[in-house]
Amino acid sequence: QVQLVESGGGSVQAGGSLRLSCAGSGFTFSLFAMGWFRQAPGKEREFVAAISWGGGSTYYGDPVKGRFIISRDNDRRMVYLQMSSLKPEDTAVYYCAGDGAVADLLVNRVRYWGKGTPVTVSP
């Protein structure tokens, strides 16, 4: 069974940092591009970051550029999102995502979704 399980969400104050983790199982993790999306209350799901299957290329949505870093460890079957300088606007449920091509993630084509982990940033 394919699973993407997120962890690391929580509540922080503006300016703080948080690291999200996603554990993948049930598929060939090293051959999949991975990414993060988020959805704030009352808003559509938004692209946050993506990383190619080998980790050589990363992509970020404009609101998080310079503040978030996506990384992966294929040996551990993990993908991470290091979030720094957090803003109240970052408050959302964050979802881990996987697809066979990073280009698909960039246009919101996702094969596998995690269930999400909530992040709340206080003013």
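Reply: Y59 has 30% relative accessibility and therefore counts as partly exposed. Buried means under 20% relative accessible area, exposed means over 50%, and partly exposed is in between (1.4 Å probe, protein chains only). The model is predicted: local features need pLDDT of at least 70, side-chain atom pairs count only at pLDDT 80 or more, and totals for chains, interfaces and linings use all residues. Residues are numbered from 1 along each chain as its sequence is written, and side-chain values use heavy atoms, without hydrogens and water.

Y59 sits in strand β6, residues 58–60. Strands (E, at least two residues) and helices (H or I, at least four) are DSSP runs, numbered from the N terminus. Together with L106 and V107, Y59 makes a nonpolar surface patch of about 240 Å². Patch residues have over 30% relative accessible area and no salt bridge; nonpolar side chains (Val, Leu, Ile, Met, Phe, Trp, Tyr) are joined within 5 Å, like charges within 9 Å. Accessible areas come from the Shrake-Rupley method with a 1.4 Å probe, and for residues only the protein chains shown count as cover.

Now to R67, in the loop between β6 and β7. R67 has a relative accessible area of 11%, so this residue is buried. Beyond its neighbours within four places in sequence, R67 contacts (heavy atoms within 4.5 Å) Q82, M83, S84, S85, L86, K87 and D90.

Next come the charged pairs. The structure holds six salt bridges. A salt bridge is a side-chain nitrogen of Lys or Arg within 4 Å of a carboxyl oxygen of Asp or Glu. E46 pairs with R38, N to O 2.8 Å. E46 is partly exposed, because its relative accessibility is 27%. R38 is buried, at 5% relative accessible area. R38 also bridges to D90, with the closest N and O atoms 2.9 Å apart. R38 lies in strand β4 and D90 in the loop between β8 and β9, so this pair ties together parts 52 residues apart in sequence.

D90 has another partner, R67, with the closest N and O atoms 2.7 Å apart. This pair links distant parts of the chain, 23 residues apart: the loop between β6 and β7 holds R67, and the loop between β8 and β9 holds D90. D90 is buried, because its relative accessibility is 1%. Through shared partners, salt bridges join R38, E46, R67 and D90 into one network.
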